[in-house]
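Hello,

Here is the structure I promised to pass on to you. Have a look at it first, and then read on for what turned up.

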Amino acid sequence: MDGSLGLVSRLSELVNEISGLSECGNVCNKVQVNLVRRIDLLGPMFEELKDVNEELSEEAAGGFELLRIALESALKHLRTVNASSKVHQSLHRDNIEAEFLQITEQMEEALSKIPYKKLDLSEEVKEQGLLNSIYQRCHCSVYDNLGLVSQLLELVKSISGLPECRNVCKKMHGNLVRRIKLLSPMFEELKDGNEELNDEAVIGFDLLRTALDSALEHLRTVNEGSKVYQALYQEDIAAEFHQITEQIEIALGKIPYNKLDLSEEVWEQIQLVHAQFQRATAKPDSPDVQLDHDLAVAQRERDPDPAILKRLSEKLQLKTIEDLKKESIAFHELIISSEGDPEDLFGKISSIFRKLKDFVQVENPEDADAPKADKEFLKHRSPVIPDDFRCPISLELMKDPVIVSTGQTYERSCIQKWLDAGHKTCPKTQQTLLHTALTPNYVLKSLISLWCESNGVELPPKHQAAFKNRKLGSSTVSDCDQTTIAALLDKLANGNPEQQRAAAGELRLLAKRNADNRVCIAQAGTIPLLVELLSSPDARTQEHAVTALLNLSINDGNKGTIVNAGAIPDIVDVLKNGSMEARENAAATLFSLSVVDENKVAIGAAGAIPALINLLCEGSPRGKKDAATAIFNLSIYQGNKARAVRAGIVPPLMRLLKDAGCGMVDEALAILAILASHQEGKVAIGLADPIPALMEVIRTGSPRNRENAVAVMWSLCTCGDMQQLRAAKELAAEEALKELAESGTDRAKRKAGSILELLQRVEPAA
């Protein structure tokens, strides 16, 4: 480093590198974004000091050196967080966030050592708060102080209002909710007092807000999730409870209670709550050994001891048919949302679920909560068919239950007769049927079979309707997929938000599976419904919808249907505002649609290009490639070239071109080559000092990259820009170009030869 000026340049580089990092898109995202945003505020100070080109005093150099060390640590930690897995970050979240806080404290200490009054800085930079007050502001969250207290109060109320947990996590769930409830009086008093918080309090409350956010999300997941899954993975779930407890305890330890305007009663209560969290942190909940043993036996043995199944049924609160139905839905949602191998997850859980279902039905086919005397009576009388097992038309026990588009279940033969008679409505609800497809209700059929076995009722003949209606129209899709698609269409049209999310997730998987499914899904009319879900406030639903459309767009015939449904503006909106996964898949969808020439015009006009450039700068490696391929395809249309240049595409492309380790050199060169054919593109590329980077590729790149590099260079040099020719001359380009003219691709040979002719006319600089 060359003296203090080199130190300022290095600080500026560090700020730029940190500002250019992509969001991690996981549990640490908020902490990461806050740190990056705060560091980004330092940029103008270093830019001004670089422009002034003035030696720093020894005092200033000392402060800046401390800051350099802190920023180096920040960059290293941010990169580590981005590269680590979501599972790792979830398990070690408190340690990661503690390191973020430590880095923040290092930076605050460094900034306090800098003599700002002695630095030649403009009033504008001072007004931005980048001097003595910068890290007081940086310690604050994006919310104002009073807004932060209000949000904490709302979080406590949301957690307090959660329903009681009825599964193996009941104790951990109840303890955490009870302790968090006790924080409410503190926030009530602070809100009523309307007092401005000091910086130290804001730091503690901001950490507490993050911890309570995590707590609310985890508690909801535990309440709504599969009980069998939670039992099998109780150690992992307990570890997350413990981690959240530690986060809250750390945050409570950072709050300066003696500096807050709290009554003595509330202060004492908060101290008590803090002590409870400290004890809970020191002594985490131990796993239920008996439960682990029972689960292992139930998984391993074909016919487990009924006493074991009874204990499991009671501990998991799976005692009734209704409990089993809810568990089936939760299990189904778990499989759809699983990021790992759904089949592996299914294999671990399904056998226990089936054995528990068998036990509940055999032990108590009608009312698992009935008194013992009633159970004895039930065993000695003729079985009464549960209403849920009767067909609403015939009132008889259903042997082949099917679901219609309204969600009602009927015996197949009965509802088929109704439909064959020309009826277009649901017999029970009188709603108009959206379609006449009949979906087998396999869950109910299984429950009916179990009930029949346990009550001595003759079982329905097996495979009775297995080969009926194998095809719908001329489609070659399997009967299973056909009926599934029909049911999913109904959920998209009439379901609640949770059902719509699950349906979109299943359609995403079906559309990915094979070409026939893509045709069938589109023909069923799902595309307009998926387009509507692009505007869903639920991030997961939005991700499923845009990815389903991506998979459907693989079929050329579906591209027009998607565009005609008005999807392009909504896909662009997802690209701008969605989660990182949704943005990346939106970019891939736009690329797929842009294969059709007229769509290139519509996508460019919808404002996609600036959003694609943002993704190119901040996306994951896959997201950057999706953005680059979309930009390349769109730029084939002349009007989009100008849009891309005006949106600032050239600087990020040049950064990617110069960074061989990013794996984006191929894409950057391909886009530059196509933009260089446009006058505005030539000007923008020429201003970016491109010749050194292009010559490096010409000397060392792959054949395709050498061809694109020399094509860009040719466009710049043949438009009369002598500056580019002189730059090439100074870099001794002739030798590399001669070699390319001999051994390159045909196009590369022509371009290299043309540039060599121009270089011969260039006189060396005086």
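A residue is called buried when its relative accessible area is under 20%, exposed when that area is over 50%, and partly exposed in between. Please keep in mind as you read that this is a predicted model.

Let me begin with alanine 627, which sits in helix H33 (residues 621–634). Its relative accessibility is 0%, and 0% is under the 20% cut-off, so alanine 627 counts as buried. Which residues is alanine 627 in contact with, once its neighbours within four places in sequence are left aside? They are Ala587, Leu612, Leu615 and Leu616. Glutamate 667 is 40 residues away from alanine 627 in sequence, while the C-alpha atoms of the two are 9.8 Å apart in space.

Next, helix H28, which spans residues 556–564. Its buried residues are Asn558, Lys559 and Ile562. Because these cover an arc of only 115 degrees around the axis, they fall on the same side of H28. Gly557 and Asn564, on the other side of H28, are exposed. At its start, a side-chain oxygen of asparagine 555 comes to within 2.8 Å of the backbone nitrogen of glycine 557. Following H28 is glycine 566, with a positive phi near 80 degrees.

Helix H11 (residues 184–193) can be read in a similar way. Buried in H11 are Ser184, Met186, Phe187 and Leu190. They lie on the same side of H11, because the arc they cover around the axis is only 160 degrees. Just after H11 comes asparagine 194, whose phi is positive at about 55 degrees.

Glutamine 317 has a phi of about 55 degrees and belongs to the loop between helix H17 (306–315) and helix H18 (321–337). With a relative accessibility of 21%, glutamine 317 counts as partly exposed. Aspartate 689 has a phi of about 50 degrees, and its place is the loop between helix H37 (679–686) and helix H38 (691–700).

There is also a sheet to look at. It is open and has three strands in the order E2-E1-E3, with antiparallel pairing. Strand E2 (409–411) and strand E3 (439–440) are at the edges, each pairing on one side only. Helix H21 (residues 412–420) packs on this sheet and touches E1, E2 and E3, its direction making about 95 degrees with that of E2. Between strand E1 (residues 401–403) and E2, which run antiparallel, there are three bridges. Opposite isoleucine 403 stands threonine 409 in E2.

Last, the cysteines. How many disulfides does the structure hold? The count is zero. For cysteine 165, the nearest cysteine sulfur is that of cysteine 169, 5.7 Å away. Cysteine 165 is buried, with a relative accessible area of 2%, whereas cysteine 617 is partly exposed at 27%.

Best wishes

Methods. Residues are numbered from 1 along each chain as its sequence is written. This is a predicted model: local features need pLDDT of at least 70, side-chain atom pairs count only at pLDDT 80 or more; totals for chains, interfaces and linings use all residues. Side-chain values use heavy atoms; hydrogens and water are left out. Buried means under 20% relative accessible area, exposed over 50%, partly exposed in between (1.4 Å probe, protein chains only). Helices (H or I, at least four residues) and strands (E, at least two) are DSSP runs, numbered from the N terminus. The arc is that of the directions from the helix axis to the C-beta atoms. A polar contact is a pair of N or O atoms within 3.5 Å; within protein, one must be able to donate a hydrogen and the other to accept it, and residues adjacent in sequence count only if both atoms are side-chain atoms. A disulfide is a pair of cysteine sulfur atoms within 2.5 Å. Two strands pair if DSSP finds at least two bridges between them. Contact means heavy atoms within 4.5 Å. Axes are lines fitted to C-alpha atoms, for helices over the stretch in contact, and angles run from 0 to 180 degrees between N-to-C directions.
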